[in-house]
Each structure stands twice: as C-alpha cells, then as structure tokens.
Amino acid sequence: MRTTRFVDQASILAEAGRGGKGCRSFYQDRWTRHAIPDGGDGGRGGHVLVRANPQLTTLLDFQAKRHFRAGHGGNASSKKQHGAQGTDCRINVPLGTLLWDADTGELIQELLKPGDEMLIARGGAGGVGNASKERSRSTSSWAPSRDIRLLEPGKLDGAAGERRRLRLELKLLADVGIVGLPNAGKSTLIAQISQARPKIAPFPFTTIHPVLGAVTLPSKNSVVAVDVPGLIEGAHRGKGLGLEFLRHIERTTLLVHLIDMAGADGRDPVEDYETLNRELKLYDPAVAAKRQILAANKMDEPAAAKNLARFKKKIKGTVLPISAKTGEGVPKLLKKIGEVIARLEEPKQSRDPSFPRKRESDPRFSEDDIGI
Ligand SMILES: Nc1nc2c(ncn2[C@@H]2O[C@H](COP(=O)(O)OP(=O)(O)OP(=O)(O)O)[C@@H](O)[C@H]2O)c(=O)[nH]1
Ligand SMILES: [Mg+2]
C-alpha cells in the first residue's frame with residue numbers, strides 16, 4: 001500500500017486507566033446478627049499497549065491523534081461484586097518502530113515482529129473492598145466490630161494509572177537498500193523488480209520519502225527493498241533532502257549502490273560514487289561499511305559503455321552493468337542480491353539498540369563486491 005505522506009517520527013501521550021473504587025458494605029447475618037463485610041474490589045484500570053502491525057508503513061496517524069487513554073476500572077458494589085476491568089488501549093505502529101521515553105530519553109523497546117506487543121503504561125490497581133479483608137483473616141478469630149475499625153479507608157480508592165510521554169521513531173525493516181545520487185534510476189529499478197510504483201521523472205528529488213517493495217529473487221525467496229531519496233554532496237549539512245531518510249537503510253542487510261553510468265548533465269560516475277560513499281560515512285560509518293553491490297545503470301545509453309570502462313579502471317570491485325529501464329542485466333543483479341543475502345542474513349535487530357547510530361563498524365563488511 002502506498003501512502004500519500006510518509007511520517008517517521010511522532011510524540012504521543014499514553015494514560016492508563018485509574019483503578020475502580022472498592023466497596024465497604026455489610027450484611028447482617030440472619031441468625032448471629034453479626035455484620036459481615038461483603039464489599040467487592042474495584043476493577044483494575046486499563047493498560048496502554050503498543051503493538052506492531054504489519055499493515056502499517058508510516059506514523060502518519062499520530063499527527064491527528066496523539067493522546068491515548070485506557071478505560072478506568074469499574075467501582076465495586078455490595079454482595080462481593082467486583083468492579084469491571086478498564087478497557088485496555090492498543091496503539092498500532094508499523095514494524096520497525098522504536099519506542100523512546102520522551103522524559104528520560106531512554107529506549108524502551110523496538111517492535112520488530114508482527115504482533116510484538118509492549119505494555120507502556122500500567123493501569124492502576126482496583127481499590128480493596130472490605131470483603132477481601134474478611135478473606136485474609138481466619139474465620140475463627142473474626143470479629144466484625146473490630147474489622148470495621150481496622151479497614152483503612154484509603155485502600156478503598158483505586159490507584160492512579162501510569163502516564164507516559166513517548167517518542168516514536170520508525171526505521172523501516174528492509175533487506176536491501178537502494179542508494180544513489182538523484183536521477184540515478186533508483187525508483188525505476190524498484191518499479192522494475194517489485195510491485196512498487198514510485199514516481200519516476202528526469203529531475204532530481206522526485207522521490208521525497210522511502211518506498212518499500214517486495215522483490216522475488218530467482219531462488220523464489222522474497223526480500224524487501226527500500227528506495228530512499230537521492231543524496232547529494234553536502235547532504236550531511238542538510239543539503240537536498242539531507243540524511244533524514246537514511247535511518248531507513250540502517251537495518252538493511254546490504255545496499256545496492258546505483259550509479260548513473262550515462263553521466264547525464266555532465267556528471268562523472270566516479271565522482272558520484274565517491275560522493276555517495278562519503279555522505280554515507282558522514283552519516284554513520286556502520287552504514288557506509290555495509291555490504292554494497294555496485295550496479296552501473298543506464299547501460300542502454302550510448303555514453304555508458306565508455307564511462308563504465310573508465311569507472312572500472314578507477315574503482316576496484318565487481319560492477320554489474322544494468323538498465324533499470326529495459327530490464328537488461330537486472331536478473332543478474334537479483335541473483336547476486338540473493339547470494340549475498342543468503343550469506344549475510346541475520347535477525348534485523350540492531351545489536352546495540354540504545355545507541356543505534358554509535359556502532360563502530362560492521363563485521364559483515366567484506367571487500368569483494370565493493371570498492372571502498
Ligand atoms: N535510459 C535510461 N534511463 C533511465 C534508466 N533508469 C532510469 N532512467 C531515467 O532516469 C530518470 C530518473 O529516474 P528515477 O528512477 O526517477 O531516478 P531516482 O534515482 O529515483 O531519482 P530521485 O528520486 O530524484 O533520487 C528518469 O527519467 C528515468 O526514466 C535506464 O536504465 N536507462
Ligand atoms: Mg526516485
């Protein structure tokens with residue numbers, strides 16, 4: 001599903017429900033005339049939970065709704081009738097969402113698998129009714145008049161529910177990140193290999209947010225690719241669309257580095273290649289050290305063959321010539337992606353989730369496919 005707007009950060013307030021009031025009531029025993037406590041307990045307040053929902057791909061909904069409240073617990077009544085439990089509130093977020101405590105700045109949890117659920121604000125306990133006091137005493141030493149005096153009135157009230165301010169951050173879960181300068185043909189490639197239909201146009205910054213696509217490999221395995229907006233020289237200083245969307249390639253297993261080999265608008269493919277790697281490094285050395293498959297795009301253009309020969313002389317490593325437009329060379333690229341993924345795949349959980357951008361280097365990095 002394609003959303004019209006992509007949002008990958010949000011702030012929300014979660015308020016769990018208050019516990020219901022316990023009841024203090026007595027009935028008089030018909031024969032002994034003793035007053036017997038029969039007040040029920042208050043119901044627990046509802047919890048607020050966050051759940052990973054694979055149907056979602058953006059945090060857009062949290063621009064409209066930011067305040068989430070669970071239901072309060074019901075009050076108890078006589079005849080040992082307990083109050084109803086407050087309704088839990090479930091917040092659905094896309095896979096790959098990180099939950100941060102907005103007050104302490106601590107990472108609470110990453111939600112990576114469908115159905116992963118995390119309790120973020122606990123509902124208050126229900127108040128204790130006086131019948132519950134009766135249960136804790138031995139029946140033989142039970143004395144009704146003393147019991148009335150001993151019952152602490154404070155305990156009848158339900159406890160307040162937790163209240164928490166959270167920051168949500170989405171880092172898409174994808175296996176393959178397609179990176180390159182603007183106009184390199186990234187969107188053309190993802191449209192060629194998946195059902196994704198991003199906008200394609202002969203000018204830079206056509207893609208303004210990441211686009212996911214499911215790709216079937218020759219081995220029949222399916223992987224998820226992400227097309228991220230193009231980077232330009234100075235992106236780390238906020239030029240162009242900046243590095244804002246690079247968080248979405250942090251979890252990928254490998255990168256397909258696409259180079260416009262036709263050198264449109266007088267661009268030099270070698271320079272383009274170096275610029276992109278430099279910007280990746282300035283963003284996060286661990287991202288720059290990710291395994292890359294180099295693909296020389298636009299090989300259907302007349303100038304491409306000469307440029308490729310020059311490129312190969314300067315940059316060591318394998319370069320796969322392709323045309324994202326005609327599909328030429330694309331099956332070979334998919335085969336290569338399959339081979340590399342099979343070797344590198346591992347659970348997509350960052351090893352140090354509290355400091356996702358402070359990883360020093362990635363030991364999966366090897367030099368045989370790339371030139372850095
Ligand atoms: N001749 C030729 N043109 C291509 C090829 N791949 C892409 N193009 C053209 O290059 C232009 C840019 O393609 P896009 O796919 O939009 O490029 P992009 O890398 O997604 O660009 P941004 O979203 O701006 O970063 C379009 O006019 C495409 O038709 C190719 O293999 N051969
Ligand atoms: Mg694009």
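Along β12 the side chains alternate. Strands (E, at least two residues) and helices (H or I, at least four) are DSSP runs, numbered from the N terminus.

This is a predicted model: local features need pLDDT of at least 70, side-chain atom pairs count only at pLDDT 80 or more, and totals for chains, interfaces and linings use all residues. Residues are numbered from 1 along each chain as its sequence is written, while chains are lettered from A and ligands numbered from 1 in the order in which they are written.

Back to β12. Six bridges join β12 to β13, and the two run antiparallel. Two strands count as paired if DSSP finds at least two bridges between them. L212 has V226 of β13 as its bridge partner. The hairpin of β12 and β13 has five residues between the strands. In that hairpin, K220 takes a positive phi near 75°.

Next comes helix α3. Seven of its eight residues are buried, so α3 is largely enclosed by the rest of the structure. The buried ones are K186, S187, L189, I190, A191, Q192 and I193. What do the buried residues of α3 pack against? Their partners are β11 (176–180), β12 (211–216), β13 (222–227), β14 (254–260) and α7 (330–344). Contact here means that the C-beta atoms of two residues, placed from the backbone, lie within 7 Å.

In total, 24 residues surround ligand 1. The closest are G185, S187, T207, G230 and K325. A residue is near the ligand if its C-beta atom, placed from the backbone, lies within 6 Å of it. The shell divides into nine nonpolar, 10 polar and five charged residues. In this count Ala, Val, Leu, Ile, Met, Phe, Trp, Tyr, Cys and Pro are nonpolar, Asp, Glu, Lys and Arg are charged, and the others, Gly among them, are polar.

Now turn to the sheets. One is an open sheet of five strands with mixed pairing, in the order β5-β1-β10-β7-β8. β5 and β8 (107–111) stand at the edges, each with a single partner strand, so one side of each is left without a neighbour in the sheet. The twist averages 25° from one strand to the next. Such angles run from 0 to 180 degrees between N-to-C directions, with axes fitted as lines to C-alpha atoms, for helices over the stretch in contact. Within this sheet, seven bridges join strand β1 (residues 9–15) to strand β10 (residues 163–170), and the pair runs antiparallel. A10 stands opposite L168 in β10.

Three strands form another open sheet, in the order β6-β4-β9, and its pairing is mixed. The edge strands are β6 (89–93) and β9 (117–121), each pairing on one side only. Strand β4 (residues 48–52) pairs with β9 in the antiparallel sense over four bridges, and V50 stands opposite M118 in β9. β4 and β6 run parallel, joined by five bridges. There, R51 stands opposite N92 in β6. Four of the five residues of β4 are buried, so β4 is largely enclosed by the rest of the structure.

L59 lies in the loop between β4 and β5. Is L59 buried or partly exposed? It counts as partly exposed because it has 19 C-beta neighbours inside 10 Å. L59 and V93 are 34 residues apart in sequence, yet 6.9 Å apart in space, C-alpha to C-alpha. Leaving aside residues up to four places away in sequence, L59 touches V7, D8, Q9, A10, V93, L168 and L170.

Finally, confidence. pLDDT is the predictor's confidence in each residue, from 0 to 100. The chain averages 85, and 85% of the residues score at least 70. Among the elements, strand β5 (residues 67–69) has the highest mean pLDDT, 97. Helix α2 (residues 144–150) has the lowest, 46. Over residues 138–150 the pLDDT is below 50, and this stretch has six contacts in the model beyond near neighbours in sequence. The pLDDT also stays under 50 over residues 347–372. For that stretch the model has 44 contacts beyond four places in sequence.

Notes: Buried ≥ 20, exposed ≤ 12 C-beta atoms within 10 Å, placed from the backbone.
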